[in-house]
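Reader: I would like to learn how to read the backbone and the packing of a model, one feature at a time. Could we begin once it is on the screen?

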Amino acid sequence: MTPATAAAPAPYQSYVYAYPHKTAYRKLTDRPRLSELWAGEPKDALSLYLHIPFCEVRCGFCNLFTRISAPDGLTGAYLDALERQAGAVREALGEREPVRFATAAFGGGTPTFLTAAELTRLCDIAEHRMGADLRAVPLSVEASPATATADRLEVLAERGATRLSLGVQSFDDTEARAAVRPQRRADVEAALGRVRDAGIPVLNIDLIYGIDGQSEHTWLRSLDAALAWRPEELYLYPLYIRPLTGLGRRAGTADPEWDEQRLRLYRAGRDHLLAHGYEQRSMRMFRRADAPAEGAEDYACQTDGMIGLGCGARSYTSALHYSFDYAVGMHEIRSIIDDYCARPAADFAHAEYGRRMTGDEARRRHLLQSLLQADGLAGDDYRARFGGRTPAGDFPAELERFAERGWLEPGQDPVLRLSPEGLAHSDALGPELFSPAVRAAMAAYERK
């Protein structure tokens, strides 16, 4: 451990991919109408997200909002509800100003849990009910090896999918079993072949480090197996063990030795990918230097509006982030999905769970989600968005602390950027930017 990191907290606090987290959301007793929430919001570069809360298995580390399998008729009922919600949301966006979606994504869960015919219907909902031109915008879809079948991939490619993200986690069968992810490498390789045959431009492979029994040798062997497919993107995720998951019996126990192992594997993986022509975009994301352009230059995840459809999806306006109820336990998730499927269209015209965004929270979100990217935060952009304010003026204590730990690159003008050690400690740095109010709400959240 270097002196610069001696006072740093444990490196793996939490993965901050959105702010505030859903555990800071609360029931909105006034049930605000979506038409009022979206009145006056920019609608010319929205992001559209459709959530499918079904998987064929639930991995031991997974705390996503998803259920295992679906009884007969449930996926059809879910798509029925999704279509009712899409109609209500599109009506709420109004017709007075042009509504345009700059990006689209199908996530979950596992969207390819749906059949090919159901995926066609999902695309129809996005296009015909919401007005998204899927063939003209980046469309990302998550899949598992078992459900990445040729007929499903054909539908997605034909409807304009530009990115297919395959959750592999490990090419080592023993490690996959240790992560409670039953799969065989031969099946994974066959799925990757089908994805390449489908011709979707960008293949992303998700891998996990920190699995029981994983060594640097087996980790690099998995990376090499992934590199053999020349994926345009690779995401390297540290393993987390969270309450209410299959591996949750170990949750909540500090384990410095495991932290050191994960840091060691992260650095080995990062250096391996950099040596093989990949560029680091964040702690987790690596992109092949010669990969196709990502497009959607008019969209920025830090600031723009998000329309989420489905009972696990979030939506963002400048004043409110909202979704439906949230759970991790299987019984509660099933109840929330059943409730969602039973709702009439009128119910979807209101927001029910969420968190109102203050000016301070908006600035924290922008700083946090910019700083965790390798490109960092442009000071001019921050000043332009927030009335001439500066990150150093708004968050002096946090930035001074990060600099003392060696997490910031020296010379902060005009771009505030993490150092390599700062990127390595993204999961410790991110939570330190949470506001006291969000921390308190997350701490008070009762897991279910």
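Reader: Which residue just after helix 6 takes a positive phi?

Author: Gly-199 does, with a phi of about 80 degrees; helices here are DSSP runs of H or I of at least four residues, and strands are runs of E of at least two, both numbered from the N terminus. This is a predicted model, in which local features need pLDDT of at least 70 and side-chain atom pairs count only at pLDDT 80 or more, while totals for chains, interfaces and linings use all residues. Residues are numbered from 1 along each chain as its sequence is written, and side-chain values use heavy atoms, with hydrogens and water left out.

Reader: Which residues have a positive phi although they are not glycine?

Author: Most residues other than glycine have a negative phi, and most peptide bonds are trans. Ser-69, in the loop between strand 4 (67-68) and helix 2, has a positive phi of about 60 degrees, and Gln-169, in strand 7, has one of about 75 degrees. Ser-69 is partly exposed at 34% relative accessible area, whereas Gln-169 counts as buried at 10% (buried is under 20%, exposed over 50%, partly exposed in between, with a 1.4 Å probe and protein chains only).

Reader: At what angle do helix 2 and helix 3 pack?

Author: Axes are lines fitted to C-alpha atoms, for helices over the stretch in contact, and angles run from 0 to 180 degrees between N-to-C directions. Helix 2 (residues 74-93) and helix 3 (residues 116-129) pack at about 5 degrees, with their axes 10 Å apart, and they are therefore roughly parallel (an angle under 35 degrees). Among the residues of helix 2 in this contact (heavy atoms within 4.5 Å) are Leu-79 and Ala-86, and those of helix 3 include Leu-122 and Ile-125.

Reader: Which elements do the buried residues of helix 6 pack against?

Author: An α-helix has 3.6 residues a turn, so residues three or four places apart point the same way. In helix 6 the buried residues are Val-188, Ala-191, Leu-192, Gly-193 and Val-195, and they pack against helix 4 (150-158), strand 7 (163-169) and strand 8 (202-209).

Key:
Parallel < 35°, antiparallel > 145°, perpendicular 65-115°, else oblique.
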